[in-house]
Structure formats: structure tokens, C-alpha cells
Amino acid sequence: MGQSMTAPPVLSLRDVRKSFGPVEVLHGVDLDLRAGEVLALIGENGAGKSTTMKILGGYQPASAGRILLDGQEVTFGSQHDGETAGIVMIHQEFNLAEQLTVEQNIFLGRELHRGWLLDKTRMRQLSREYLDRVNCDVDPDELVSRLSNSDKQMVEIAKALSRDARVLIMDEPTAVLTGEETRVLFDQVRALKAAGTAILFTSHKLGEVSEIADRVAILRDGALVRDVAAYEITEDGMATAMVGRDVSDLFPAKPDTAPGEILLRVEGLRVPGEAEDIGFDLHRGEILGIAGLIGSGRTEAMEGLCGLRAASATRIEIGGAEVNIRKPSDARDHGLCYLTEDRKLRGLLLGMGMRVNLTLQALDRFGGVLVDRSAEERALDDAIREFDIRAGGRDMKVGNLSGGNQQKLLLAKVMQTEPSILIVDEPTRGIDIGTKQQIYAYLRRLAAEGLGIVMISSEMQEVIGLSDRVLVMRAGRVAGMLSGDEINEDAIVRRAMGVGAKHSEKVA
Ligand SMILES: Nc1ncnc2c1ncn2[C@@H]1O[C@H](COP(=O)(O)OP(=O)(O)O)[C@@H](O)[C@H]1O
Ligand SMILES: [Mg+2]
């Protein structure tokens, strides 16, 4: 470590500022990337991490300040200039051509030739090699559009490896990866580091940051608040510096009062091929967690319940009366609302502004066809205040909001329909710790106000910290219902994986 700390920086930012229109989002950032060093850039959603990285990679020009490459000032006119200088960037939103194959993407713009012809054999061989290095067994002939998000990320990484970068910049590379895939990626990061690559990455998972980073730089509201050796800072210290307040109380206290009457009763819910014989009750004032492995049918079951995919049920009751939900509007009419895990694809209109997105599902409340603009503007004011939505301006396109702020807007949007039952799917995926704390507090407040809440989550701490009861699913079926002291990691994992429960535990 002592050696890399004294090595001269490969790539540096000096007093870099960035404005979008009248709004300055980076206020004079200084950063040094050194050969053989892993630098983690962390901060809340919207702090300016992606913007900083795009400036370093030549994807966006700075508004002021200097970029130094090997100590010499450079101007990057485009990503091409960055790549020529040996800087490779993996974006938060993937940058692959969806309609091309894996192999075509890896060699895009640098196709290998033999004479006049493409050297297909060599490209195939190399593609396989790079994919193997990241343990990715996708077919090089497969269309990228057909890959899962984690395979897309692995292809991005394979593509970056193929470029022999001097500087590798990765924007939230592990957000869509499983623990095992993350381990494989980190092995590659260690190998690149040993070979002298300068590496910059961001992650909201502070455990990963302590594991792999040599140095940690912390951005808050567009300014660098700390830049220290990793051993000088704890995960708590990172969280506090990022948020600017103590976040050790991540979860609100669980109520000790008994839950209210049954709001929702589900019997024999079936989603063909995905979920079978799902049954549970949801009480007023309760947060019911749904845990299970990826592919256990949690999302599919809840989508079936809400009319978002074909499903049948023995009986569904809402507020004591039997209901028949065939389509999403039926669910809404019964006060049942579903917040998608896929906020980019199905939750928001990214090209539109916040006002339009906010009121879209509840237009009848705003005058129907002849929309009452000023009522909408007031609703947006309220939402910005209540949810602490931080945007560059009211007219900003929703696609330019950071992930945490998109999620808050989505929550505000579904609340416009005044549901009595709210189903949230991975409500804090990819979101920083300060915003998580706000979302947890908000969900708990809604429950206290009398809603019933179902929360699907793959994050164990979140399921344990927030749920009053936990329904565990495995292979499309209910594998257990836990409450009180039974809600612990061991009990959840056993049921999710189908290994025998300890004798001391009662099986629900
Ligand atoms: N193209 C854009 N137009 C307007 N504002 C933007 C644009 N891109 C980012 N921003 C704003 O700049 C700030 C920093 O964003 P970003 O760098 O994406 O943050 P992070 O990656 O830390 O979540 C945010 O307030 C974001 O809304
Ligand atoms: Mg970002």
C-alpha cells in the first residue's frame, strides 16, 4: 500500500465543476487515481458519482477545472479520447448494443481482420477467453437483448478486460450481481490491480467497499467530504460521512401493539408455472415481508394477485368482501397497489417530467381528461416536500433523477391513488443508506396510519429489520410464516433453501 500511495497519479481531477443548465452538481472536485490502487467513490444517490466518472472517462465535459493524465492537462472531447488514453468505463446503465450478439459487442469498433475478412475464429476464441475469466457461460452468439442483467454486467466486464485498460472505471458494477458473481468480479479486480491498472468503482454496499478498496473518497451533494486510506475508516464512518447524519438507527422501531383486522386474505393463489397454492392474511398496520431466493416466485405471485399477469385463486378477500381481480385497474379500484421492482422499465416514464409521472395513475383525482394543472403542481410540491425528492429542477426529466429519487417519486406516485394495501417489490434496490432509512421510516408510518404493507425483498437485513411477519417462499410455494423472535437469518435461509428446520423451531 505504501508504494501505491506514493506512486504519481495516472489520472486526476483538479477543481472540477459540472453544471446542468443553471444547476451546479459538482462543486470543485479533486481526485487522484493511481496505478495498482482501487479507489471507491461513495455517496448518496444524486451525490455526483456517475457525473464524476463520466467526466473522467470523457463521456461528459466538465464545466470548469482540469483533467490531468500522467500529470499533463488533457481535454477529452469524447469517450473515444478517453479510450485512446487507455480509460475504460462500465456504465451504471449498460452501454451494450442490445440487438447485437455478445461477441459483436465485445469487439464493437475493434473487429479483428485477417486480410479483407473478419477473423471470426480468433474473435470467437478471444470472446470465450474473456467470458471464461469472469465465469460467464453465455453463448457468444446470443443476442445481448436476451441476457439477464447480471449476464449483461459480466459481458461489460469481459469487454472491459479485452481492452487492456490503464484505468478501469466501474459505476455500481455489483448492483445487479449475486454474491458469487461479485466474488468472481473482485478476483478480476485484484488481478488487474496486481498488473498495475488504476481502478475506480462505486457501490452502495459498504461491506464490499471495505473488502476491496485501498482508498475511499466520499462525495456529499457534489463536494468531496473525505478522501482516506480504507483502513482509516469504518463502514459506520463511511455511512455517516455520506449522509451527514448518524444512520445507525436504520430501521424504525416495530410496534408492540397487536395488528388490526384482516385487510387482505389470499387463498389458493396460482400463477401458472410460477407459483402454486399461495395463501396468507395481511392485517391493518402490519408490514409483511416476503423472503425467498431469486426465482422463488415472489414477484410473480404478487403480480398475479394484482392483475399484472394471468392468475387464479380459490378466494381473495379485501376488507372482508370477496373480490375478483382480473386487471391492474381492478386492483386499484379495491385499494390494492403494487410498486414494481423495475422502476426503469415499468414504473416511470423516463422521458417525461416529474409532474406527469406523479399524477399518471390518479388522473381522475386531477379532473380526468381536462387535467387541473395547478392541482397537479400542488401535488408535486407536496410530494417533493414529503418525500424529500432532490432534483436539479421541477422540470427535469425523470430519467435524469438519481435512483433513490426515482424510487421516492414512484412511491409518491402510487400514494396518489390512496391505497389501503401497498405491495412493494425490492423497495431499496440500488439505493443509498440515507435514502433507505427514509423509505423504511415512510413504510412504517404508512402502516401506523392503518395501511397493510407487503414487502418483497432479497436483502436479509431489510426483511429482518422491517417486517412484523415474514412469509418465506421456495420454488413457487409458501415454505413458512415467521413472526416475532422466529424472524432471524437462520430460520429464513433454512426455509428459503428447503433445509430442515431446527427442532426447537416450530414450523408454520
Ligand atoms: N443529464 C442531466 N441533466 C440534469 N441533471 C442531471 C443530469 N445527470 C445528472 N444530473 C443530476 O446531477 C446530480 C448528480 O447525479 P449523478 O452523478 O447521477 O449522482 P450519483 O451517481 O451519485 O447518484 C443529480 O442531482 C442528478 O439529478
Ligand atoms: Mg450514479
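**A guided reading**

Guide: Three bridges join strand 4 (residues 64–69) to strand 5, and the two run antiparallel. Strands here are DSSP runs of E of at least two residues, helices are runs of H or I of at least four, and both are numbered from the N terminus. Two strands pair if DSSP finds at least two bridges between them. This is a predicted model, in which local features need pLDDT of at least 70 and side-chain atom pairs count only at pLDDT 80 or more, while totals for chains, interfaces and linings use all residues. Residues are numbered from 1 along each chain as its sequence is written, and chains are lettered from A and ligands numbered from 1 in the order in which they are written.

Visitor: Which residue of strand 5 does Leu69 stand opposite?

Guide: Strands of a sheet pair through backbone hydrogen bonds, either parallel or antiparallel. Here Leu69 faces Gln72 in strand 5.

Visitor: In what order do the four strands form the open sheet?

Guide: The order is 2-1-4-5, with antiparallel pairing. Strand 2 (23–34) and strand 5 (72–74) are the edge strands, each pairing on one side only. On average, neighbouring strands of this sheet are turned by 25° against each other, direction ignored.

Visitor: Where does helix 2 lie?

Guide: Axes are lines fitted to C-alpha atoms, for helices over the stretch in contact, and angles run from 0 to 180 degrees between N-to-C directions. Contact requires C-beta atoms, placed from the backbone, within 7 Å. Helix 2 (residues 49–57) lies across strand 1 (9–20) and strand 2, running at about 120° to strand 1.

Visitor: Which residues come nearest to ligand 1?

Guide: A residue is near a molecule if its C-beta atom, placed from the backbone, lies within 6 Å of it. Of the 16 residues around ligand 1, the nearest are Phe20, Val25, Lys49, Ser50 and Thr51. Helix 2 gives the most to this shell, with three residues.

Visitor: How is the chain divided into domains?

Guide: The bounds come from an automatic or database domain assignment. They give domain 1 (2–243), domain 2 (249–335 + 420–508) and domain 3 (345–418). The shell around ligand 1 draws at least three residues from each of domain 1 and domain 3. Ten residues of domain 2 are in contact with seven of domain 3. On the domain 2 side, helix 16 (residues 433–448) gives the most, with four residues.

Notes. Contact = placed C-beta atoms within 7 Å.
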